[in-house]
Amino acid sequence: MKPPPFEYFAPTTLDDALDYMADYGDEAKPLAGGQSLIPTMNFRLAQPEVLVDLNGLAELAYIRPAAGGGVSIGAMTRQRSVERSPLVAEQAPLIHETMPYIAHPQIRNRGTFGGNLAHTDPASELPAVATALNARFRAQSRSGQRWLTADEFFVDLFTTALEPEELLVEIVIPPLPAQTGYAFREISRRHGDYALVGVAATVTLDNNGRCEAARLVYLSVGDKPVEAVQATAALIGQKLTAEAIDDAAEIAAAQDIDPPGDIHASVTYRRHLAKVLAKQVLAKATARAKQE
Amino acid sequence: MNTLHTITVIINGQSYEREVEPRLLLSDFIRHEIGLTGTHVGCEHGVCGACTILFDDEPVRSCIMFAVQANGHTIMTIEGLTPDASEENLHPLQASFREAHGLQCGFCTGGFLMTLLPFLQENPNPSEQDIREAISGNICRCTGYQHIVDAVKIAAAKMEGQ
């Protein structure tokens, strides 16, 4: 339970960090909060040759209004800061609502917003929520920067579109459209544990109270965030009655997801949870959209 | 690979300078290099909470940080709670744990106390739900938690009176 030896660099500027990433490429791992990477190293499941510690990069720890609305979050912002930010609560309430579900306070004190997303754990809350909110990801390397959508960023199990020499430096959460509600729910065996199933929803109503747009994105049911596209397609143009929501939840659980079974929950149980949670979040998001 | 790094860390108000290998865990540094063995190592992968310390005043798990990352930072361990280690001067949190039987074997207790100290400073009047949520990252195999929750309630009352 001790990590293997590695070379350690602690740059204090982003430029220096990007130089290390460029110089060491595949051998290097960026160290953000370390709340997933260090346990993995303790188990020796990960044995990076080089760690580039990003904790000295104060320039990547910020929460500020994004140009054009919404909120812009530096990748090295602690999860606890995001949880406590009034700006996030106002501009990205779905993120605010989700933060307490992430592990425990001790983990959130150290874990970072960008580190969580770049780790892309299929059981993690933020990738699903970021997908539901159409977050945009800014990746930077020594040779320049590029923007990625959530669909582009999350590639597979623990795999993002980041190149070995790239760092995730910023995440922009766009503002919710008018008359939009949101909700997040998950079921775990104990508070703070990995969720058996979780789901984030947004619902936008038109002026006649019908569903104009909806997103329903699951965690823990696949290798990355899974969007229930057939379920939400069935909601478009509908009055969001309990019946319409039930039908959509049924479609989501039966058709949109292909959840794994393991010792924590069988396939059947995960589908059951997926349906129940979909009903709850769609109903809550709809109610919130009506209050808008 | 085994380049040593010189770090300076303030622990419980005292400054220490040591040379460390990058792979040395902060928990092992505190226990083996500094000799403060009140920080316990349970699971060594960030699940049990026994190794919780205050890092720049915030509770974190010291088994999933490297000692080299503590360079220039301030740490408080369980030993810092009662600097003279005397029974008369127990911190109200410690006294409350004793009063309410908030421990049996005591292995997890240091982690609980380091989690609870900032929690009670921020939430002087916590509800039972608040308390249970605050300690959700700390595992105790003896008490069933009820006596720990009782102890926190007593501690909250004591600390508020101060």
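The following dialogue goes through several features of a predicted model.

Q: How many domains does the assignment give for chain A, and where do they lie?
A: The assignment for chain A lists domain 1 (7-53), domain 2 (61-173) and domain 3 (180-291). Between the centres of domain 1 of chain A and domain 3 of chain A, taken over C-alpha atoms, there are 36 Å.

Q: What does the assignment give for chain B?
A: Chain B has domain 1 (5-81) and domain 2 (92-160). Their contact takes 17 residues from domain 1 of chain B and 13 residues from domain 2 of chain B. The centres of these two domains, taken over C-alpha atoms, are separated by 22 Å.

Q: What is the area buried between domain 1 of chain B and domain 2 of chain B, and which atoms give it?
A: Buried area is the accessible area that two parts lose on being put together, summed over both. For domain 1 and domain 2 of chain B, about 1200 Å² is buried, and carbon and sulfur atoms give 68% of that area. On the side of domain 1 of chain B, three residues supply 37% of the area buried against domain 2 of chain B: B:His40, B:Ile78 and B:Leu81. That is more than any other three residues supply.

Q: How many salt bridges does the rule find across that domain interface?
A: Between domain 1 of chain B and domain 2 of chain B, the rule finds 0 salt bridges.

Q: How many does the rule find across the interface of chain B and chain A?
A: There the rule finds 3 salt bridges. A:Lys2 forms a salt bridge with B:Asp28, and the closest N and O atoms of this pair are 2.5 Å apart.

Q: How many residues does each chain bring to that contact, and what area is buried?
A: Chain B brings 30 residues and chain A brings 28 residues. About 2600 Å² is buried between the two chains, with carbon and sulfur atoms giving 55% of the area.

Q: Is helix H2 of chain B mostly covered or mostly uncovered?
A: A residue counts as buried under 20% relative accessible area. Helix H2 (residues 92-99) of chain B is mostly covered, with 6 of its 8 residues buried. These are B:Pro92, B:Leu93, B:Gln94, B:Ala95, B:Ser96 and B:Phe97.

Q: What covers the buried residues of H2(B)?
A: The cover includes two helices of chain B, H3 (109-122) and H5 (146-160).

Q: Where are A:Arg44 and A:Ala103 found?
A: A:Arg44 is in the loop between helix H2 (37-42) and strand E3 (50-53) of chain A. A:Ala103 is in the loop between helix H5 (93-98) and helix H6 (105-110) of chain A.

Key. Residues numbered from 1 in each chain as written. Chains lettered and ligands numbered in written order. Predicted model: local features only at pLDDT ≥ 70, side-chain atom pairs only at ≥ 80, totals over all residues. Heavy atoms only, no water. Buried < 20%, exposed > 50% of the residue type's maximum accessible area, 1.4 Å probe, protein only. Helix = DSSP H or I, 4+ residues; strand = E, 2+ residues; numbered from the N terminus. Contact = heavy atoms within 4.5 Å. Domains from an automatic or database assignment. Buried area = accessible area lost by both parts, 1.4 Å probe. Salt bridge = Lys/Arg side-chain N within 4 Å of Asp/Glu carboxyl O.
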